[in-house]
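Subject: Handing over the structure

Hello,

I am passing on to you the structure that we talked about, and below it you will find what I found when I went through it. Please read the notes with the structure open beside you.

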Amino acid sequence: MSRSTVRLSMAASALALLACSPALDWRSVPLSEAGITLSLPCKPERAARPVDLGAGEVELSMVGCRADGATFALSHMPLADPSQAGAALARWRTAVLARMQAGPQAQAQAGAAFVPRQALDLPQSLRMVVRGRGADGAEVVAEAVWFARLEGPQARLYHAVVYAPQPRTAAADTFFTGLALQQ
C-alpha cells in the first residue's frame, strides 16, 4: 500500500470512530460531604433516606444516573463506631443481594478485594459481579464494590454499583477506578 492510501485509510477510520460517539459521557463529580470524587457517565441525581444496618438509624445518601442502558450509583453513610465497619459492610452487601433476589450462591461468593487508596483494608471490602432481579423483576447484573474509610472519630461506608441487563465490565472498571477518596 502506498503512504497516501494508508493515510486515507487511517483518516477514514478516525472519522468512523468520531461518528460513533460514545453513549457514556464521563464527568468528575466531587462529593465533599462524603470525602470522595467519582466519575459518572451522565448527569447525576441525588437522594437520601434513613436506613438501619444494625448499628442504629443513619442517613444513606445516594448519587447516580442512567446511561446507555445501565444505572451507575454510589451510596454512602456514616458509621459511629469504626470497629464495626467490616460487619456493617457485610450486612449492607447481604441486604443488597437479598433485594436483588441473588440467591444463596451469590451470598456465599467471596468476591475480589477492593481497597481504594485512603480506604480501610478490610476483608469485607470487595468487588463482585452478581446476577439477580431488578426492582421491576427483570434479570439484572450488578457489578458492585463495598469499602470504608475513617472520617475523624467515625467511619464512612461506601457502595458503588453498575446495574445492567448484561455485564458491563469495561464501564464498571472506568466507574470504579474513578472513585477517589479525598485526603
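The side chains of H76 and R156 make a polar contact at 2.9 Å, where a polar contact is a pair of N or O atoms within 3.5 Å, of which, within protein, one must be able to donate a hydrogen and the other to accept it, and residues adjacent in sequence count only if both atoms are side-chain atoms. H76 lies in strand 5, and helices (H or I, at least four residues) and strands (E, at least two) are DSSP runs, numbered from the N terminus. Is H76 buried or exposed? It counts as buried, because its relative accessibility is 3%, and buried means under 20% relative accessible area, exposed over 50%, and partly exposed in between (1.4 Å probe, protein chains only). Not counting residues up to four places away in sequence, H76 touches, among others, E33, E59, W92 and R156, a contact being heavy atoms within 4.5 Å.

Before going further, please keep in mind that this is a predicted model, in which local features need pLDDT of at least 70 and side-chain atom pairs count only at pLDDT 80 or more, while totals for chains, interfaces and linings use all residues. Residues are numbered from 1 along each chain as its sequence is written, and side-chain values use heavy atoms, with hydrogens and water left out. The pLDDT, which is the predictor's confidence in each residue from 0 to 100, averages 85 over the chain, and 84% of the residues score at least 70. Over residues 1–21, however, the pLDDT is below 50, and this stretch has one contact in the model beyond near neighbours in sequence.

The C-alpha atoms of M62 and H76 are separated by 6.6 Å, although these residues are 14 apart along the chain. M62 lies in strand 4 and is partly exposed, with a relative accessible area of 25%.

The chain has four helices and ten strands, and buried residues make up 40% of its 183 residues.

Leaving out residues up to four places away in sequence, F147 touches I36, S125 and R156, among others. S125 itself lies in the loop between strand 6 (112–113) and strand 7, and it counts as buried, at 1% relative accessibility.

Which residues of helix 4 are buried? They are A171, A172, F175 and F176, and they are on the same side of helix 4 because they cover an arc of only 125 degrees around the axis, the arc being that of the directions from the helix axis to the C-beta atoms. The face turned away from the buried side of helix 4 carries the exposed residues A170 and T177, whereas what covers the buried residues includes strand 2, strand 5, strand 7, strand 8 and strand 9.

Best wishes
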